[in-house]
Amino acid sequence: MNRFKKATGIMLAASMVFGLAACGSDNDKDTNGESSTTEKTSTETAGNTDATSNAEAVGYTFGEDTTFHSDEPVSYSMMFSDNEGYPYKADWRLWSAIKEKTNVSFDLTVTARTEYENQKTLLVNSGDAPFIIPKTYDESPFVAGGQIVPISDWVQYMPNYQKAVKDWGMEEDLKAKLKDDGKYYVLPGLWEVAGGGYSYIIRKDVFEKAGVDVKANEGNWTYEDFYDAMKKVKDYTGAKYVMSDRFKGESTLNIAAVEYGVTGGWGLSNGLVFDQDQKKFNFADTTEDFKNYVTYFNKLYSEGILDPESFTQEDDAALAKFYKGDTYVINGNYQNLADMVAKMQVPDADLYMIVQPGGPKGQLQIEASRLENGVMISQNALKKLGEEKFIQMLRFVDWLWYSDEGHTLSLWGVEGETYSKDADGNIKLNSDITFNGLNPTAEKKLNVDYGFGGGVFAYGGSAKLKLSKMSEGEKDYNDRILTLRQARKVAPPIMGSADDSEEMNLISKPLMDYVKTMTLKFITGQANIGTEWDSYVKQAEANGSTRYTDMANEIFEKTKSKLGY
């Protein structure tokens with residue numbers, strides 16, 4: 001049997017130890033019931049991507065910029081999040097394309113997107129999880145149970161992943177994934193550059209008729225300036241409401257919170273904001289900054305600029321108002337905008353995505369991290385495959401999710417079938433296929449009909465790859481973000497022990513439920529900001545805001561050396 005020499009490598013990044021000593025039992029069984037043996041005789045750095053330095057890869061090819069291919073057919077079990085917008089098909093070209101390249105197929109556990117997190121939790125906690133668990137946004141709940149591999153112990157066997165980390169300077173970004181043992185448990189999607197994210201899609205034609213020069217002003221816009229612009233639109237149109245938001249307001253509250261130095265909406269989290277100057281966490285959602293934040297949205301609400309149904313209606317209801325021309329502002333990302341253009345019921349409507357307005361904390365970029373959702377690896381993979389074949393699986397994962405070739409296949413499909421390349425190597429989607437606003441009148445859809453460009457595989461990649469899926473309008477939007485908005489640092493993780501995390505979770509859930517409830521009450525006027533603010537702050541403290549913050553800072557002080565602070 002082919003033997004692997006076990007590495008005990010350590011990757012040093014900004015004085016931080018990622019803890020890359022490989023783990024595994026010498027007595028693990030492979031899929032044939034044979035014992036897999038390991039020789040712990042060498043020490044290497046995790047950045048070593050020499051394909052032959054760790055092992056003799058008998059039976060498959062792998063390596064940096066090398067196509068993974070198994071001599072024998074291999075099948076790996078995997079969870080699959082089934083998106084209702086492009087529902088799973090067993091005959092997608094995606095599956096056969098991966099098989100042709102690698103000789104690998106999947107034994108899928110297909111789960112509806114809306115039930116994916118619940119099913120993931122059930123399978124992981126029961127010990128029955130498939131080997132590969134993609135589309136993971138938060139791995140924290142699964143760490144203590146011991147059913148997930150501490151993948152930082154194994155990334156030395158993933159040359160394409162290591163290349164991306166090194167070439168794109170991802171060490172600081174990866175700190176956010178560390179747990180109290182100095183390890184991380186998910187392989188995040190890695191982007192060379194950050195994305196533009198969500199912002200406000202406006203009827204530019206209406207704003208300009210109302211006297212607002214959008215392009216001339218958006219670079220310096222604050223939320224107060226945006227309010228002034230929407231007020232002009234309301235006065236000009238006589239509309240009942242200027243903005244009727246989708247996502248139940250969660251995205252709008254999230255992106256505005258960044259500019260006010262607080263947390264809200266999708267980014268509510270634990271209410272903590274890290275002060276990079278003082279190097280400590282503060283509970284932001286009881287501060288004057290938070291008071292100003294909810295006061296702003298209360299002003300939009302009370303003056304009839306923001307539709308009261310924004311926080312309760314489903315997406316389709318908000319979109320219908322926008323399509324009909326009843327409202328002129330809605331939240332979304334650029335793919336949303338691309339989908340909306342063809343559905344507008346107003347002739348010559350000019351849709352435009354503005355750069356997110358700035359606020360009291362500056363003109364900040366919303367998307368601070370270059371990490372995407374990622375892939376967890378179940379301990380079942382190590383137990384059932386044995387170490388050698390487990391590493392072989394990691395080589396495949398490394399190729400599919402982290403190599404340029406794997407990225408391109410997942411996103412665009414097969415050259416000559418779904419796309420071509422020009423003389424400069426730029427990807428051109430076939431004219432009879434539409435995707436992400438490209439070729440909008442084409443009958444075939446890249447994700448629906450072929451399975452490419454889906455969220456389970458197609459995330460992460462180079463700047464060139466990111467640009468390849470953008471229309472000229474989206475490229476312009478991203479350029480404006482990078483030109484007009486300031487990058488911000490990512491907050492460090494709170495690397496508490498399992499006991500710490502349990503205690504903090506017991507505090508955080510009721511505390512943040514209260515904050516979320518009161519946020520909406522303040523915005524909608526059900527609670528008076530002027531007379532009920534002090535009691536809100538006292539109740540948040542009674543619910544543990546101070547204790548939670550103190551614990552976070554105590555943990556940070558104990559672990560900051562691991563994080564390079």
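What percentage of the 565 residues of the chain count as buried? The figure is 54%. Keep in mind that this is a predicted model, and that the values I give are computed from it.

First, the overall picture. The chain has 20 helices and 20 strands. Its accessible surface comes to about 23,900 Å², and 47% of that belongs to carbon and sulfur atoms. As for contacts with a separation of 6 or more, residues 24 or more positions apart account for 75% of them.

Now to the aromatic rings. A pair of rings is described by two things, the distance of the centres and the angle of the planes. In this model the count comes to 44 aromatic pairs. I will show two of them.

One is Phe68 with Phe396. The ring centres are 5.8 Å apart and the planes stand at 65°; over 60 degrees counts as edge-to-face, so this pair is edge-to-face. Where do Phe68 and Phe396 lie? Phe68 is in the loop between β5 (60-61) and β6 (69-70), while Phe396 belongs to helix α13, residues 379-402. The pair therefore ties together parts that are 328 residues apart in sequence. Are the two residues buried or exposed? Phe68 has 0% relative accessibility and counts as buried. Phe396 is also at 0%, and counts as buried.

The other pair is Tyr200 with Tyr223. Here the centres are 6.2 Å apart and the planes are at 85°, so this pair is edge-to-face. Tyr200 sits in strand β11, residues 199-203, and Tyr223 in helix α8, residues 223-237. Because of that, the pair ties together parts 23 residues apart in sequence. Tyr200 is buried, at 1% relative accessible area, and Tyr223 counts as buried at 2%.

Last, a polar residue. Gln313 is in the loop between α10 (288-302) and α11 (315-324). Its relative accessible area is 7%; the limit for buried is under 20%, so Gln313 is buried. What does the side chain of Gln313 join in a polar contact? The partner is the side chain of Ser244, at 2.9 Å. Leaving aside residues up to four places away in sequence, Gln313 touches Ser244, Asp245, Lys248, Asp307, Ala318 and Lys321.

Definitions and conventions: Residues numbered from 1 in each chain as written. Predicted model: local features only at pLDDT ≥ 70, side-chain atom pairs only at ≥ 80, totals over all residues. Heavy atoms only, no water. Phe/Tyr/Trp six-rings, centres within 6.5 Å; stacked < 30°, edge-to-face > 60°. Helix = DSSP H or I, 4+ residues; strand = E, 2+ residues; numbered from the N terminus. Buried < 20%, exposed > 50% of the residue type's maximum accessible area, 1.4 Å probe, protein only. Polar contact = N/O pair within 3.5 Å; in protein donor to acceptor, adjacent residues only side chain to side chain. Contact = heavy atoms within 4.5 Å. Areas by Shrake-Rupley, 256 points an atom, 1.4 Å probe, with all protein chains shown as cover.
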